[in-house]
Amino acid sequence: VTLAANFVFITFLFPGKPQRVEVSYTLFKQQVVLDNVAEISSRADTIQGSFRSPVPYPPDAEKAAQVSDFSTVQPAFADPGLESLLNEHAVVINAKPVDEVRSPLTTLLFSFGPTLLLIGGFIWLSRRAAGSAGGGIFGLGKSRAKRYDQTAPGDNKATFDDVAGIDEAKAELVEIVDFLKDPRSYTRLGGTAPKGVLLVGAPGTGKTLLARAVAGEAAVPFFSMGASEFVEMIVGVGASRVRDLFRQAQAAAPAIIFIDELDAIGRSRGGAVYSGGNSEQEQTLNQILTEMDGFSTQGGVIVLAATNRPEVLDPALLRPGRFDRRIAIQAPDTVGREAILRVHTRSVPLNPEVDLHDLAASTSGLVGADLKNLVNEAALLAAHRGMDAVRQMDFMDALEKIVLGPARPLILSAEERQRVAYHEGGHALLGLLMPEADPVHRVTIVPHGMALGVTYQRPTDDRHNYDEQYLRSRVVGAMGGRAAEEVVFGSRTTGAENDMQQATSIVRQMVTRWGMSEKIGPVALAPEGNPLLGGGEAYFGTSRPYSESTATLIDAEVARIL
Ligand code: ADP
Ligand code: ZN
């Protein structure tokens, strides 16, 4: 089989004809006019043919070759005079491309060649797969973990210095670093080191970075893999990838295994409706549990995993001996954000007037990944503006772009602009007048993303606990745009849609989550959910745990407060 395959290959590559040289279309036409073209054939826009006597090409170059077989490409604009020109100069026009005139043997090989190649390839691959023990067909069961060798210097190396603003989480991981540095002395009094540590936090808070920093501090290899990569279309692959990953890590111990998005495979097995895909997910999960039970930490392998949805995880994962440590990573506060900005501006030239403290105060709600992005955008913007250093203004403009989306080159008519100005004016006024409202920071009627205008209010401090008056002020502020339009123009527009969504969301949570309605009282009626991570506002479908009359009452209360 291999022989035949090789043969086809050779026939294909060396058809045994003189080499065809690609010449310019201009040269080709010149030669036609000089009566030097014997015959041509053409397919699509390619023309192949031969000259009667060889032509030197490229013209006036020292290394010009004598060309007798040529090909050229007809320009995209069709050349209508070409056919009559060819006829005039008695050029033979073939029906078949010259190169495809082949002997019967070659034709036979061409038609069977691909099949033979496939068969040969298949046999070769399965031999290879059989050679590597337990690899499954074609190595599908191999883990695709990326290995970062933290012992070698390189740009992948991270240390605790690169992580800022999440000091509590860092402090908890110091112990893991100590253990990895010297597993034996750590457990000499009979204690067992943790096997699994679960990092819980919103996306972009630095979970992956922290795991890499642990490996970097301990100078051990780091095997990283996204949980969704374990599970693919083919059943059984996930489990064997897990096996392979743990085997690799144990061979390199002490080492860290990092599984990102653990919730993609570690979802609770009960309750949900089962489908075919879930049993594959379940097998993968079981394999992880088996591996974690099987290896002893004496070997020095520690599994770190990250998730932003701890509430959906299977309880079996959280039992002692598995992911029994949980480290919550909060979004950074002002001090933390300033520290993170300092880390990411280390190699960025800053104008002396840049005030990172003020910038940190203006970026409430942004997490590490956002701040990194902010620094990057500001640096790009400053470079684009021809500056040598990044100014505070570049940061503020970059922030506006990140929070609101890029400005859109949308031309509004004068009336529309005026309406938007009054609308935003309404928001801004109420932002200034309502007690406890966040101070108004920037107002714009330059369209951004979906918004025609934006009023940007920025909290002075990080708030952890919102009082009712603050929430009411926000609702009132949201109503300000529509109200201003009604006062000035006496009519309504669609522009208030987003305002009403925001207001409704706040009020619904006041009623169902925070017990701020007298009629309903202090009853939790919203689904469990982490308000920090978003979602969990209302039940969908029939699963809500209260009666129809309560539902009616909730709706009435929401409408009344709004
Ligand atoms: P997660 O895994 O939580 O989604 P990542 O660790 O992937 O977040 O964060 C993405 C990037 O954001 C990191 O590579 C890092 O550059 C930056 N970053 C996130 N959090 C921090 C932090 N606390 N300190 C410094 N940089 C951070
Ligand atoms: Zn509005």
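This passage describes the overall make-up of a predicted protein model and then several of its local features.

The model is predicted, so local features were considered only at pLDDT of at least 70 and side-chain atom pairs only at pLDDT 80 or more, whereas totals for chains, interfaces and linings use all residues. Residues are numbered from 1 along each chain as its sequence is written, chains are lettered from A and ligands numbered from 1 in the order in which they are written, and side-chain values use heavy atoms, with hydrogens and water left out.

The chain contains 17 helices and 13 strands. Helices (H or I, at least four residues) and strands (E, at least two) are DSSP runs, numbered from the N terminus. Of the 562 residues in the chain, 41% are buried. A residue is termed buried under 20% relative accessible area, exposed over 50%, and partly exposed in between (1.4 Å probe, protein chains only). Among the contacts in the chain with a separation of 6 or more, 72% are accounted for by residues 24 or more positions apart; a contact means heavy atoms within 4.5 Å.

Five strands build an open sheet of mixed pairing, in the order β1-β4-β3-β2-β5. Strands of a sheet pair through backbone hydrogen bonds, either parallel or antiparallel. Two strands are taken to pair if DSSP finds at least two bridges between them. The edges of the sheet are formed by β1 (21–22) and β5 (92–94), each of which pairs on one side only. Strand β2 (residues 37–43) runs parallel to β5 and is joined to β5 by three bridges. Serine 41 has asparagine 94, in β5, as its bridge partner. Helix α2 lies across β2, β3 (46–57) and β4 (65–73), and runs at about 70° to β3. For such angles, axes are lines fitted to C-alpha atoms, for helices over the stretch in contact, and the values run from 0 to 180 degrees between N-to-C directions.

A pair of aromatic rings is described by the distance of the centres and the angle of the planes. Rings of Phe, Tyr and Trp (its six-membered ring) pair if their centres lie within 6.5 Å; planes under 30 degrees apart count as stacked, over 60 as edge-to-face and the rest as tilted. A search of the whole structure finds six aromatic pairs. One of these, between tyrosine 25 and phenylalanine 28, is tilted, with 5.9 Å centre to centre and 45° between the planes. Both residues belong to helix α2 (residues 25–33), where tyrosine 25 and phenylalanine 28 are three residues apart, about one turn of the helix. Tyrosine 25 is buried at a relative accessible area of 14%, and phenylalanine 28 is buried at 0%. Another pair consists of tyrosine 422 and phenylalanine 489, whose ring centres are 5.7 Å apart and whose planes stand at 85°, so the pair is edge-to-face. Tyrosine 422 lies in helix α14 (residues 414–433) and phenylalanine 489 in helix α15 (residues 468–489), so this pair ties together parts that are 67 residues apart in sequence. Tyrosine 422 is partly exposed at 37% relative accessibility, as is phenylalanine 489 at 31%. Arginine 419 lies over the face of phenylalanine 489, at 4.4 Å from the ring centre; a charge sits over a ring if NZ of Lys or CZ of Arg is within 6 Å of the ring centre and within 35 degrees of the ring normal. Tyr25, Phe28, Phe51 and Phe70 form one aromatic cluster.

Two buried polar residues were also examined. Aspartate 394, in helix α13 (residues 392–404), is buried with a relative accessible area of 0%. Its side chain makes a polar contact of 2.7 Å with the side chain of arginine 385. A polar contact is a pair of N or O atoms within 3.5 Å; within protein, one must be able to donate a hydrogen and the other to accept it, and residues adjacent in sequence count only if both atoms are side-chain atoms. Glutamine 287, in helix α9 (residues 276–294), is buried with a relative accessible area of 14%. The side chains of glutamine 287 and arginine 243 are joined by a polar contact of 3.5 Å.

Aspartate 35 is placed in the loop between α2 and β2, and glutamate 261 in the loop between β9 (255–260) and α9.
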